[in-house]
Amino acid sequence: MTNERTGEDEDQSDKLSTELTIEQKFRLKVYSEQTKSLSAEEAQILLLEMVRRNMIQSNIIKHLVNSQDESII
């Protein structure tokens with residue numbers, strides 16, 4: 001596939017994928033099995049921790065993107 005901005009061929013790894021890899025699907029299945037026995041309170045604590053980590057990850061990505069943009073200028 002050709003990149004419309006640069007006219008260069010895009011590598012498959014350059015595409016943003018919303019699909020899970022086989023390894024990620026396996027890990028998700030493992031988590032699914034492990035969380036079946038959690039109480040509602042334990043599930044809520046786990047969910048909140050996952051949301052917190054996702055927010056941290058989002059902040060890191062934003063910081064890296066902004067740092068990249070600043071270095072281009």
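Me: A helix here is a DSSP run of H or I covering at least four residues, numbered from the N terminus. Within this predicted model, what separates R53 and E49 along helix α2?

Reply: R53 and E49 are four residues apart in helix α2, so about one helical turn separates them.

Me: How do you know that R53 and E49 form a salt bridge?

Reply: The closest N and O atoms of R53 and E49 are 2.8 Å apart. A salt bridge requires a side-chain nitrogen of Lys or Arg within 4 Å of a carboxyl oxygen of Asp or Glu, so the pair qualifies. In general, side chains of opposite charge can pair when their charged atoms come close.

Me: Are R53 and E49 exposed or partly exposed?

Reply: R53 has a relative accessible area of 54%, and exposed means over 50%, so R53 is exposed. E49 has 25%, which falls between 20% and 50%, so E49 counts as partly exposed.

Me: Why is E33 called partly exposed, and why is K36 called exposed?

Reply: E33 has a relative accessibility of 39%, between the 20% and 50% cut-offs, so E33 is partly exposed. K36 reaches 60%, over 50%, and is therefore exposed.

Me: What makes L38, L46 and M50 a nonpolar patch?

Reply: Leu and Met are among the nonpolar side chains that are joined within 5 Å when each residue has over 30% relative accessible area and no salt bridge. M50, found in helix α2, has 52%, which is over 30% and also over 50%, so M50 is exposed as well. Together, L38, L46 and M50 present about 250 Å² of accessible area.

Me: Which residues lie nearest the centre of the largest pocket, and how does its lining divide by residue type?

Reply: R27, L28, Y31, M50 and R53 lie nearest the centre, among 14 lining residues. Helices α1 (22-35) and α2 (40-72) are the elements that give two or more residues to this lining. The lining comprises five nonpolar, six polar and three charged residues. The volume of the pocket is about 620 Å³.

Me: How much of the protein chain is buried?

Reply: Buried means under 20% relative accessible area, and 1% of the 73 residues are buried. The chain has two helices and zero strands. Its accessible surface comes to about 7400 Å², of which 56% belongs to carbon and sulfur atoms.

How values were computed. Residues numbered from 1 in each chain as written. Predicted model: local features only at pLDDT ≥ 70, side-chain atom pairs only at ≥ 80, totals over all residues. Heavy atoms only, no water. 1 Å grid on protein atoms, 1.4 Å probe; cavity = no way out; pocket = protein on both sides within 12 Å on 5 of 7 lines; lining within 4 Å. Points joined across faces, edges and corners; volume = space filled by probe spheres on them. Nonpolar A, V, L, I, M, F, W, Y, C, P; charged D, E, K, R; others polar. Buried < 20%, exposed > 50% of the residue type's maximum accessible area, 1.4 Å probe, protein only. Areas by Shrake-Rupley, 256 points an atom, 1.4 Å probe, with all protein chains shown as cover. Patch = residues over 30% accessible without salt bridge, like charges linked within 9 Å, V, L, I, M, F, W, Y side chains within 5 Å.
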